[in-house]
Protein chains: 2
Amino acid sequence: MENPSKADPRTVAWVDDTVALIDQKALPQVQRSIRCRTVERVADAIADLEVRGAPAIGVAAAMGVALAAHTSTASELPVLLAELHAAADMLRATRPTAVNLAWAVDQVLSAAVAADGVDGVRSATLERAQTLADDDVDRCHAIGANGGPLLSHASNVITHCNAGALATVEYGTALGVIRAAHDRHPDLHVWVDETRPVLQGARLTSYELTRDGVANTLIADGAAASVIARGDVDAAVVGADRIAANGDVANKIGTYALALACHYHEIPFYVAAPLSTVDLDTPDGRSIPIEERSPDEITRVGDTHLTLPGQSVHNPAFDVTPAGLVTAVITEAGVLRAPYRTSLAQAFA
Amino acid sequence: MENPSKADPRTVAWVDDTVALIDQKALPQVQRSIRCRTVERVADAIADLEVRGAPAIGVAAAMGVALAAHTSTASELPVLLAELHAAADMLRATRPTAVNLAWAVDQVLSAAVAADGVDGVRSATLERAQTLADDDVDRCHAIGANGGPLLSHASNVITHCNAGALATVEYGTALGVIRAAHDRHPDLHVWVDETRPVLQGARLTSYELTRDGVANTLIADGAAASVIARGDVDAAVVGADRIAANGDVANKIGTYALALACHYHEIPFYVAAPLSTVDLDTPDGRSIPIEERSPDEITRVGDTHLTLPGQSVHNPAFDVTPAGLVTAVITEAGVLRAPYRTSLAQAFA
């Protein structure tokens with residue numbers, strides 16, 4: 001598991017009857033794989049951010065359901081299906097914001113329900129999970145192909161969090177667009193927001209880009225606005241955890257501040273995501289549940305305590321960028337523009 | 001040195017022929033004092049952020065010059081004055097952005113030049129440095145008295161970095177305004193930006209406020225915009241490291257992003273600073289030198305390495321908020337408003 005970039009092992013894979021995950025809490029210092037032998041272990045890995053990124057946790061959860069089927073000792077179909085529904089509930093409860101997770105779990109459940117017999121369920125769930133993984137790779141490459149040309153005149157782009165190979169099965173969404181653009185003009189340079197509190201930009205995005213030979217510079221999140229103000233950013237590209245029917249985008253906390261800076265300085269702000277991130281049942285951003293995570297993410301880094309015990313903390317994992325600040329949504333079905341209620345609905349049609 | 005709040009020892013003080021500093025790198029876990037016995041040690045303390053905050057480093061540098069006079073073995077006046085000019089040059093070179101430092105050093109040098117004989121220089125420099133320290137306390141209380149009423153209808157304010165007792169001799173500038181407002185309505189609540197990369201918000205501001213009984217909640221810098229967007233912030237109050245003649249404000253990196261969020265959501269954005277922070281010789285923000293600090297501040301927290309070795313980093317310590325985004329500048333001479341070129345000049349008149 002030396003290298004998470006293009007040519008390397010997948011972020012999430014089915015290996016020897018386990019769900020194999022690149023351990024994203026250990027990166028970049030340690031490259032290692034986690035082998036999940038139970039669905040409970042998959043759920044823990046998702047909740048604890050050993051695997052993260054909306055598309056990646058979708059595929060991990062899908063494989064988690066397949067793993068539940070695989071490890072079940074049930075010999076009666078109704079018993080097995082009940083177990084899978086319980087596994088699905090557990091997986092859905094791990095993280096509420098990214099809609100890909102619930103979507104992928106439902107896809108595998110549907111395959112289970114349509115299958116014949118317990119052995120049929122076991123093979124159908126795994127097959128569907130594998131298909132979702134393969135589809136994710138194809139979708140990311142399509143997103144890159146669709147979005148890359150938008151950056152054809154960009155010398156410097158900025159991204160927030162990690163929407164890369166490590167957030168997907170491979171290649172990435174926002175970083176897929178950046179990779180595709182970099183293939184066309186290798187002098188492209190990327191500003192990487194470190195992305196507090198979990199520092200996915202510092203730990204994962206700069207690692208991925210450097211491994212792929214993409215020039216990148218790490219900055220504190222608070223430095224993005226001044227880098228933009230001095231004219232050193234041509235576009236922003238970020239991923240998404242859920243896109244509402246009106247085009248409002250939930251993404252990693254800090255995305256909205258970046259969008260505001262782009263808006264003020266008239267820089268394009270692109271969101272790259274597969275259609276599985278779009279939730280037409282969520283009318284707008286106010287309806288998106290925002291996960292509140294542990295205060296420890298704010299008050300500690302490694303073994304270093306930053307505050308005194310008992311410090312009051314607000315730690316939302318995501319924020320909502322209103323559709324009006326989004327220049328385009330780059331999907332596998334094309335580049336969608338406002339009005340998003342129409343363009344998103346059409347993309348599904 | 002248990003408590004840096006109102007009733008407690010000063011952040012910077014002359015104690016037993018040393019410059020005594022509250023060690024701000026050790027806070028909040030360890031409360032201890034550093035005793036500087038040489039001007040070189042004072043310069044190191046400023047460069048290494050053991051003392052930080054524009055007014056505090058001004059007073060520390062002033063006392064550094066006095067310490068240079070005190071420890072000098074020169075018996076000839078020209079020799080002593082040459083030593084003091086060299087000490088002043090060394091102190092000025094520690095940090096380029098905050099204009100208070102150069103201003104305070106020049107004040108003490110002027111006292112030295114005006115004094116009679118080597119003993120006269122020794123007493124005059126210490127007297128002037130002590131006066132600057134006492135003045136700083138008075139100015140902060142005046143800033144609080146002038147600015148507190150601006151928050152009389154605020155339930156929630158937000159601040160960035162630490163412009164508190166620890167950034168001044170005591171009481172603070174932005175936190176002086178907040179303390180004064182809190183004295184009037186003790187239900188005031190403060191959102192504290194953690195302030196990457198050096199985390200002065202997490203380590204110092206929340207510590208100061210909690211010690212003083214001011215309710216506060218720590219957030220990642222990237223969360224400020226979404227807290228503002230949902231209507232939970234009534235005003236922002238920050239300090240400044242240099243205010244140009246046109247009202248552009250250099251302050252801790254991340255301030256500009258906060259100002260943009262306030263602007264977009266029509267929330268007042270106040271800057272609190274003594275007139276010693278105003279530099280009428282700097283025409284606008286583009287002329288303010290912005291200190292670039294070590295990549296280590298971004299790539300490491302405590303003993304935890306966040307990136308692989310050699311990661312490219314941009315680490316500006318400050319950014320510039322244009323005057324057009326500043327609702328008012330709160331000084332000891334009153335609350336100044338646009339056009340700042342006029343109001344700032346008048347404040348000095």
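**View 1. A four-stranded open sheet in chain B of the predicted model**. The sheet holds 4 strands in the order 11-8-9-14. Their pairing is mixed. Strand 11 (278-279) and strand 14 (318-321) stand at the edges. Each edge strand has a single partner strand, so one side of each lacks a neighbour in the sheet.

**View 2. The pairing of strand 8 with strand 9 in chain B**. Strand 8 covers residues 242-244, and strand 9 covers residues 249-252. The two strands run in the antiparallel sense, paired over 2 bridges. Which residue of strand 9 is the bridge partner of Arg242(B)? The partner is Ala250(B). Helix 9 (residues 255-264) of chain B packs on the sheet. Helix 9 touches strand 9 and strand 14. The direction of helix 9 makes about 30 degrees with that of strand 14.

**View 3. Helix 2 packed with helix 3 in chain B**. Helix 2 spans residues 54-71, and helix 3 spans residues 77-92. Their axes lie 9 Å apart, at an angle of about 150 degrees. Angles over 145 degrees count as roughly antiparallel, so helix 2 of chain B is roughly antiparallel to helix 3 of chain B. The crossing is right-handed. Helix 2 contributes Ala61(B), Gly64(B), Val65(B), Ala68(B) and Ala69(B). Facing them in helix 3 are Leu80(B), Leu84(B), Ala87(B) and Leu91(B). How does this contact divide by class, into how many nonpolar, polar and charged residues? There are 8 nonpolar residues, 1 polar residue and no charged residues.

**View 4. Helix 6 and helix 7 of chain B**. Helix 6 takes in residues 174-184; helix 7 takes in residues 200-211. The two axes come within 12 Å and cross at roughly 25 degrees. Angles under 35 degrees count as roughly parallel, and helix 6 and helix 7 of chain B are therefore roughly parallel to each other. Their crossing is right-handed. From helix 6, the contact draws on Leu175(B), Ile178(B) and Arg179(B). From helix 7 come Thr205(B), Glu208(B) and Leu209(B). By class, the contact of helix 6 with helix 7 has 3 nonpolar, 1 polar and 2 charged residues.

**View 5. Chain A and chain B superposed**. A rotation of 180 degrees brings chain B onto chain A, with an RMSD of 0.0 Å. The shift along the rotation axis is 0.0 Å. The two copies are thus related as by a two-fold rotation axis. Both copies use the same surface: 100% of the contact residues of chain B recur in chain A.

Notes. Residues are numbered from 1 along each chain as its sequence is written. Chains are lettered from A and ligands numbered from 1 in the order in which they are written. This is a predicted model: local features need pLDDT of at least 70, side-chain atom pairs count only at pLDDT 80 or more; totals for chains, interfaces and linings use all residues. Side-chain values use heavy atoms; hydrogens and water are left out. Copies are superposed by least squares on the C-alpha atoms of residues with pLDDT of at least 70 in both. Contact means heavy atoms within 4.5 Å. Axes are lines fitted to C-alpha atoms, for helices over the stretch in contact, and angles run from 0 to 180 degrees between N-to-C directions. Angles under 35 degrees count as roughly parallel, over 145 as roughly antiparallel, 65 to 115 as roughly perpendicular and the rest as oblique. A crossing is left-handed if the near helix is turned anticlockwise from the far one by less than a right angle, and right-handed if clockwise. Ala, Val, Leu, Ile, Met, Phe, Trp, Tyr, Cys and Pro count as nonpolar, Asp, Glu, Lys and Arg as charged, and the others, Gly among them, as polar. Two strands pair if DSSP finds at least two bridges between them.
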